[in-house]
Amino acid sequence: MRTTLLLMAIILGPCVSDRPPVPLSYRAHCRTLWLFATPCVEVSAAILRQIQAFNPASGCSACHYTVVTVSPTDIRANHTSPDSLQMESIIFSFRPTMTGGCRVSAQSKSLDFIAVIDDGVNYCNLYNVLSASGLTSTTGFLEMTNEWACLGYGEADCST
Ligand SMILES: *[C@@H]1O[C@H](CO)[C@@H](O)[C@H](O)[C@H]1NC(C)=O
């Protein structure tokens, strides 16, 4: 009996104590860089048009994007996963290149601390917009990222 109580105290001890939980400093995210031979005004317009077309009101299967803010250098949006359990914050930043093209730094970050398992969600949030906008087939398009900067990149299947 005493052993049982002692065991329970050991097992339950940490749960009932009033110590704060261990902070989780990691959130699933993806950062990627895209280069285009097209000027930034055209690239950002195409990305914005696509995000707006992917508005939930349009009812399509990929339509889970809402525009948060738009400026000449940044587009911010939210993405809600189809099951509505996760939300990601998305930023596209536009910088002109010296050759008249555009360098886009894109980032998607899960807002839930528990969303460590990513399954390519953050990468696909970015890639699906780009791909649907037609920008991936423009001349000079180049993507630069890796598994370290972009969780799930490499295994991601964005076709759904
Ligand atoms: C985007 O997400 C943030 C964080 O959840 C929220 O505060 C903001 O209201 C959202 N904006 C829109 C336009 O949905």
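Trainee: Why is H79 called buried?

Mentor: This is a predicted model, so the value is computed from predicted coordinates. H79 has 7% relative accessibility. Buried means under 20%. Therefore H79 counts as buried.

Trainee: Where is H79 found, and what does H79 touch?

Mentor: H79 is found in strand β3, residues 74-80. Leaving out residues up to four places away in sequence, H79 touches H64, Y65, Q86, M87, E88, I90 and N125.

Trainee: What makes the pair H79 and E88 a polar contact?

Mentor: The distance between the two side chains is 2.7 Å.

Trainee: Which polar contact joins H79 and N125?

Mentor: Their side chains are joined by a polar contact of 3.1 Å. That value also falls within 3.5 Å, so the label holds.

Trainee: What does E88 stand opposite?

Mentor: E88 stands opposite S110 in β5.

Trainee: How do you know that β4 and β5 pair?

Mentor: Count the bridges. Strand β4 (residues 87-96) and β5 have nine, in the antiparallel sense. Pairing needs at least two bridges, so β4 and β5 pair. They form a hairpin with five residues between them. In the turn, G100 has a positive phi of about 85°.

Trainee: What makes β1 a partner of β5?

Mentor: Eight bridges join strand β1 (residues 29-36) to strand β5 (residues 102-110). The requirement is at least two, so β1 and β5 pair. The two strands run antiparallel. Within this pair, T32 stands opposite A106.

Trainee: Why is L35 called partly exposed?

Mentor: L35 has its place in strand β1. The relative accessibility of L35 is 24%. Buried is under 20% and exposed is over 50%, so L35 falls in between and counts as partly exposed.

Trainee: What does L35 touch?

Mentor: Not counting residues up to four places away in sequence, L35 touches C102, R103, G140, F141, L142 and M144. The C-alpha atoms of L35 and V104 are separated by 6.3 Å, though the two residues are 69 residues apart along the chain.

Trainee: T139: buried or exposed, and why?

Mentor: T139 has a relative accessible area of 69%. Exposed means over 50%, so T139 is exposed. T139 is found in the loop between α3 (121-133) and β6 (142-144). T139 and F36 are 103 residues apart in sequence and 7.4 Å apart in space, C-alpha to C-alpha.

Trainee: Now the ligand. Which residues are around the ligand?

Mentor: They are T66, V67, V68, N78, M87 and L111. The ligand exposes 360 Å² when taken alone, and the protein buries 40% of that. Strand β2 (residues 65-70) gives the largest share of the shell, three residues.

Trainee: How many residues of each class does the shell have?

Mentor: Four are nonpolar, two are polar and none is charged.

Trainee: What lies 2.3 Å from an oxygen atom of the ligand?

Mentor: A polar side-chain atom of N78.

Trainee: How many helices and strands are there in the protein?

Mentor: Three helices and six strands. From the N terminus on, the elements run α-β-α-β-β-β-β-α-β. Of the 160 residues, 32% count as buried.

Terms used
Residues numbered from 1 in each chain as written. Predicted model: local features only at pLDDT ≥ 70, side-chain atom pairs only at ≥ 80, totals over all residues. Heavy atoms only, no water. Near = heavy atom within 4 Å. Polar contact = N/O pair within 3.5 Å; in protein donor to acceptor, adjacent residues only side chain to side chain. Areas by Shrake-Rupley, 256 points an atom, 1.4 Å probe, with all protein chains shown as cover. Helix = DSSP H or I, 4+ residues; strand = E, 2+ residues; numbered from the N terminus. Nonpolar A, V, L, I, M, F, W, Y, C, P; charged D, E, K, R; others polar. Buried < 20%, exposed > 50% of the residue type's maximum accessible area, 1.4 Å probe, protein only. Contact = heavy atoms within 4.5 Å.
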